Amino acid sequence: MSPTEELVKQWESEQAILRKQVVEEDTEDWEKSPDFLGLERVAGLDISFIKGDDVSACAQLVVLSYPDLEVLYEDSQMVTLTAPYMAGFLAFRETPFLLDALQRLERDKPTLLPQVVFVDGNGLFHYREFGLACHVGVLSGLPCVGVAKNLLQVQGVYKNEKHQSQISALQKGGDNFPLITTSGKVLGKALRSSDKSTKPVYVSVGHKISLDTAVKLTHSCSRFRVPEPIRQPNEGLEERKDERKNDIMVKSCSEG
């Protein structure tokens with residue numbers, strides 16, 4: 001067995017063990033309130049890459065007030081990714097740096113620790129039902145929502161004519177449809193998050209939240225297509241890039 005094959009086996013085993021710890025239901029009082037009464041802080045986690053460089057990246061955390069979605073806290077750190085990239089195992093590259101950001105927040109500003117975290121990537125909607133949002137959720141113990149900008153074609157869910165017709169049927173912000181696997185399991189939902197955008201985002205459970213609540217919360221945090229907790233870090237990075245007046249192009253990686 002090659003070193004790569006051994007690593008894949010190890011990671012698959014770790015995902016299987018951690019998958020058993022995912023909680024797919026609402027655990028917090030605010031999640032069970034029709035208007036999310038009691039929810040005051042939502043966070044977004046993201047890692048952005050410099051185009052042409054898949055090792056150097058910027059790990060970002062932003063905490064927003066809810067429901068006003070005003071910035072309460074920001075953290076950006078340049079990091080060097082050491083784990084190799086392999087499809088379906090993004091979490092093993094990124095999670096350590098995202099957890100570091102949460103730990104810095106807990107150390108420096110514990111009163112601003114978020115009550116829920118949006119992760120730029122998939123949760124249960126994943127090859128082995130354990131994407132980046134699940135990984136972050138289980139290891140942090142915080143409720144997490146996975147929001148992907150692109151469809152991960154997995155378990156019989158494809159970007160085909162049927163999928164496109166379902167997207168076309170989404171008439172307004174909040175409209176959604178389930179992502180159903182070949183076995184009949186619903187692993188996520190395609191959500192038209194804003195009236196301003198016809199292109200959906202793909203929402204799935206990360207940890208300690210139900211799918212319906214995750215979808216409703218994503219919609220309530222969206223002024224545009226991408227929910228503010230995830231959009232804000234990318235906006236901030238773009239502003240810093242403009243200030244430096246250089247030609248670095250930044251892209252976000254949203255595969256779980």
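Visitor: Which residues is V145 in contact with, leaving aside its neighbours within four places in sequence?
Guide: In this predicted model, V145 is in contact with V116, V117, F118 and V119, with A133, and with V203, S204, G206, I209, A214 and T218.

Visitor: And which residues touch the most other members of the largest nonpolar core?
Guide: V145 is one of them, along with L39, V42, Y66, F118 and L217; the core has 30 residues.

Visitor: Which helices and strands each supply at least two residues of this core?
Guide: Among the strands they are β2 (53-65), β4 (116-120), β5 (144-148) and β8 (201-207), and among the helices α3 (132-140) and α5 (211-220).

Visitor: Where does the largest share come from?
Guide: Helix α5 provides the largest share of this core, with 4 residues.

Visitor: What does a second core include?
Guide: The second core is separate and has 27 residues, including A57, V63, V79 and L81.

Visitor: Changing topic: how many disulfides does the count come to?
Guide: The count comes to 0 disulfides. For C134, the nearest cysteine sulfur is that of C144, 8.6 Å away.

Visitor: Is C134 buried or exposed? And C144, buried or exposed?
Guide: C134 has 0% relative accessibility and therefore counts as buried. C144 also counts as buried, at 0% relative accessibility.

Visitor: On to the rings: how many aromatic pairs are there?
Guide: The count is 5 aromatic pairs. In one of them, the ring centres of W11 and F89 are 5.5 Å apart and the planes lie at 45°, so this pair is tilted.

Visitor: Where in the chain are W11 and F89?
Guide: W11 belongs to helix α1 (residues 3-19), whereas F89 is in the loop between β3 (71-80) and α2 (90-108). The pair thus links distant parts of the chain, 78 residues apart. Both W11 and F89 are buried.

Visitor: Which residues do ring pairs link into a cluster?
Guide: The cluster consists of W11, F89 and F92.

Visitor: What about W30 and F36?
Guide: W30 and F36 form an edge-to-face pair, with 5.9 Å centre to centre and 70° between the planes. W30 and F36 are both buried.

Visitor: Which residue lies over the face of F36?
Guide: That residue is K216, at 5.1 Å from the ring centre of F36.

Methods: Residues are numbered from 1 along each chain as its sequence is written. This is a predicted model: local features need pLDDT of at least 70, side-chain atom pairs count only at pLDDT 80 or more; totals for chains, interfaces and linings use all residues. Side-chain values use heavy atoms; hydrogens and water are left out. Rings of Phe, Tyr and Trp (its six-membered ring) pair if their centres lie within 6.5 Å; planes under 30 degrees apart count as stacked, over 60 as edge-to-face and the rest as tilted. Buried means under 20% relative accessible area, exposed over 50%, partly exposed in between (1.4 Å probe, protein chains only). A charge sits over a ring if NZ of Lys or CZ of Arg is within 6 Å of the ring centre and within 35 degrees of the ring normal. A nonpolar core is a set of buried Ala, Val, Leu, Ile, Met, Phe, Trp, Tyr and Cys residues joined through side-chain atoms within 4.5 Å. Contact means heavy atoms within 4.5 Å. A disulfide is a pair of cysteine sulfur atoms within 2.5 Å.
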